[in-house]
Amino acid sequence: MPRPRRHRILSGLDAKDLIGRANELERLMAHAGPMGRRRGLRLLVAPGVGTSELLKQTYDRLFVEQKEVIPFYFAFRTGDENVAAAAERFVYEFILQAVAFRRQDDAIISASPGLEELSQLAAPADGKWIDRLVEAVSRRAETSPRPFVRDSLAAPGRSSSQGTGVACFLDDVHNAHYLDPRLFEELKEVFARSEVPFVFAARRRFDFGPIDADRMELEPLSFDDAGRMIESTADRLDVKVTDEARDLIAVQLAGNVSFMSTMIREAAEKRIAIDSFQAVEQLYADSIFGDGISRWLDLNLVGSIPMRELEATIDILYDTAVLKDTGVTVDAWRRVSETSGSHSALDLLNLHEVIRISSNRVELPPENVALHDYISARYRLEIDGEIRALVYGESLAGYTRRAPELMTGFYRKRAAVSVRELMISFNRQTVPLAMLDYGRFRDDLKGLPDQDILRIAAESEEKIVLPKNFFVTNASAYDRAAAVELENERVVAAKGNIGTEEIVWLAAEIDSKLETSAELTALWCDRLETVARESGFSDFRIWLIAPEGFSPEALAILADRRGYGSSRKQFELLKAEIGAVKVRPSAEHQYEIVLPMGEDAELIAANAVEEIARRSNFSSKAINQVKTALVEACINASEHSLSPDQKIYQKFSVDDEKLSITISNRGLRLADRQPVESEPTEGRRGWGLQLMRRLMDEVTIEDVDDGTRISMIKYLRPTEPTVKAA
Amino acid sequence: VVQRTLKLGHRASRSKQKGTTYVTSERELDASVSTEGDTAIVYADDYLNKLAGEKIERECRRRLSEGCRRLIVNFSRTEIVNSIGVSILLGVIDSAANNGAKVVFSQVKEDTIELFDMLGLTRHVTIQN
């Protein structure tokens, strides 16, 4: 019996290249594997998050790692001619995948044999039920559509009742609904009655109706995961991406896996490096105006709208984008977009998150930059009829100008996340007033060590009870007209209660190099009071946070407005006080040095690491050991590597527990190097690696694509061990 | 006492030598050797690398050929050593043994002794601090 190849069967990526989805993959495995619970799971997904790849990766693992449960993956398409065609494809795919799994031969799937051939290929134990399915499909023309559809959808359940376990991964089930709502209802009924564990994956705005199934969500990748995914894809496709370019792509495309992989693939096809903001935006513009990102958006836009309505829809989409503060009414949209069949274009655009409908208003999701750019480009080209070269040039210039602004906005958002997270942690804790009131903090505690501050503050009798917050969001969500002024993410509104009374805390982070002035404080109080008034908050509390606190005059203003003013230091201490973080988070500090080879440059590295280690309280002995190991690593990099750039790349990172060092060089890898016969003392050489291993706690030597990388770790200990004699 | 200053190292010396020191157009000289009877004292640089090791080796060989039977390598200024420098010192020890001479390492810092220990150097040489 052929063994399944331990690589991709349905998936498009190697398992190691599936980034940021480890938890979801494990949950799906647990749900559908041999030990899984016999019930359904709704997988609700944002567009472009890589759902199909995740399901296919799960399928591949089940195919290879176990023999009890037949994995079955099927994606519903709106392109199927009718319900019967979809059902026929469904049952064929099931037979195909079942035969391939039972024979443990994934090549059968890629060969796509006919039904008769599949019947012959079926394992002897499966012959009967597979023959029955094949026969049922063959008699499709003689069968009325409804029973045929029902029989087809029931195929996995029937095989399961024969004692053969099956796990079904049904992708894009919203398409089943939009193909024919009765198909989706039939699907639900059939699986509700069967014992087969199933996953129904659909757009997160899709209404499943009543269904007995667990729920799981798949969001766009986080910024960090998006960065890792970009690096992984670029590495696989041999595209150079700088850190700055990577971050811009991750931010601009908001973690959309489809968009990001499309851009990197385009760079690979064009053989260009993504090494600057300009390079990113050039690629991006090509993708918006060519058939990269735009093709993906076309599918969601054109696929949702009858062709006769396309022009009018682009027109109103553009208006909606331009009127971003107020949006366009649903009625205005309905006048443009006719009802088409049982569902409207408005519903489909909402499903695919091209638009967002709330309170009778339609708006474009502001975070989807690519969608805005795509609609703008199509409007100018197709509605306004502008010259393509002109639109392209102006758009590219605009994208390039916008890039630094996008990153600035992102940095601000990231900084503000900690305020939201802290306010979510408010849960009626009683905390010292000095944690919030900068005046008290400045007079009594400023300048003391953290532990002393916490102790003295704890002994203080002046306390405040925090509210129990139940909903924390950006204040701009309450006052869209003032969104820009509120700097979007830097102002947070937290709804909570104290006792039975509801209260809203409005918190803002203010930039100020010195103690914040009275004028700036008054301005922010005015802004937040406006938000409170416009939003109808009857009881609210203002909380301003500034890096260096507030001047006495500013504090007087805050007192008048019943607000609090805190320094960033107080903010961090408050986090520690209410258990949101440790007092001293294990913050990692990183340093990078690039040195030329030769000229005793390793001494520069040794001096640098000495200073770094000393700041982290490593003992003198440990420091000398690290220095010597580092010198050896540098010598290793320099000697015989034939490095083309003659550089040694060094990274040092320190946290509360350890010092990590990475030394990399281009050129010959360690494994490729030949012994140097002309070296008279070579017999006693080669001690470098031995020394590194003896002097450091961990040493890893890797041959990378174009050189060698040595990673070393030294742990921080109260008492450093003595090096043993050889 | 005959004193002779060697040209050692590419870097500027952190401390001046005892005895005569001269400066070439490119490098400051930072190691020296002295002899007394059949004993030669060679001063190692603050960084014992390949170049510094080779200079020590050359000077030791020269002193051995002149009849010295006791070589003292003084490490008072040596802050850091690398494996290449150490491997060259082993060559010095071999040469001395072949000439019936004894090698003594003096004023070696504790961390350096441990390193010599790790590489087996202390089995062949006397440490005198």
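**Close-up views of the predicted complex**

**Figure 1. The second largest pocket of the predicted model.** The second largest pocket has a volume of about 1600 Å³. Among its 35 lining residues, V241(A), D243(A), K651(A), S664(A) and R709(A) are the closest to the pocket centre. A pocket is an open set of points, on a 1 Å grid over the protein atoms alone, where a 1.4 Å probe fits, with protein on both sides within 12 Å along at least five of seven lines; lining residues have an atom within 4 Å of a point. Grid points are joined across faces, edges and corners, and the volume is the space filled by probe spheres set on the points. Helices (H or I, at least four residues) and strands (E, at least two) are DSSP runs, numbered from the N terminus. The lining comprises 14 charged, 12 polar and 9 nonpolar residues. Here Asp, Glu, Lys and Arg count as charged, Ala, Val, Leu, Ile, Met, Phe, Trp, Tyr, Cys and Pro as nonpolar, and the others, Gly among them, as polar.

The model is predicted: local features need pLDDT of at least 70, side-chain atom pairs count only at pLDDT 80 or more, and totals for chains, interfaces and linings use all residues. Residues are numbered from 1 along each chain as its sequence is written, chains are lettered from A and ligands numbered from 1 in the order in which they are written, and side-chain values use heavy atoms, with hydrogens and water left out.

**Figure 2. Helix α13 of chain A.** Helix α13 covers residues 257-270 of chain A; its 14 residues should span 20 Å at 1.5 Å a residue, and the end C-alpha atoms are 20 Å apart, which agrees. The expected span is 1.5 Å times one less than the number of residues. Because 10 of the 14 residues are buried, α13(A) is largely enclosed by the rest of the structure. Buried means under 20% relative accessible area, exposed over 50%, and partly exposed in between (1.4 Å probe, protein chains only). Among the buried residues are F259(A), M260(A), M263(A), I264(A) and E266(A). The buried residues of α13(A) pack against α11, α12, α14 (277-289), α15 (293-302) and α19 (369-383) of chain A.

**Figure 3. Three loop residues of chain A.** D126(A) lies in the loop between α5 (115-121) and α6 (127-138) and is buried, at 2% relative accessibility. Leaving out residues up to four places away in sequence, D126(A) touches R102(A) and T164(A); a contact means heavy atoms within 4.5 Å. Most residues other than glycine have a negative phi. D172(A), not a glycine, has a positive phi of about 50°; its loop joins β3 (165-171) and α9 (173-179), and D172(A) is partly exposed at 22%. E353(A), also not a glycine, has a positive phi of about 60°. E353(A) sits between α18 (345-351) and β9 (356-358) and is buried at 9% relative accessibility.

**Figure 4. Chain B.** Chain B has 3 helices and 8 strands, in the order β-β-β-β-α-β-β-α-β-α-β from the N terminus. Of its 129 residues, 57% are buried. The mean pLDDT (the predictor's confidence in each residue, from 0 to 100) is 77, and 76% of the residues score at least 70. Residues 1-31 of chain B have pLDDT below 50, yet this stretch has 76 contacts in the model beyond near neighbours in sequence. Where pLDDT is low, the predicted coordinates should not be read in detail.
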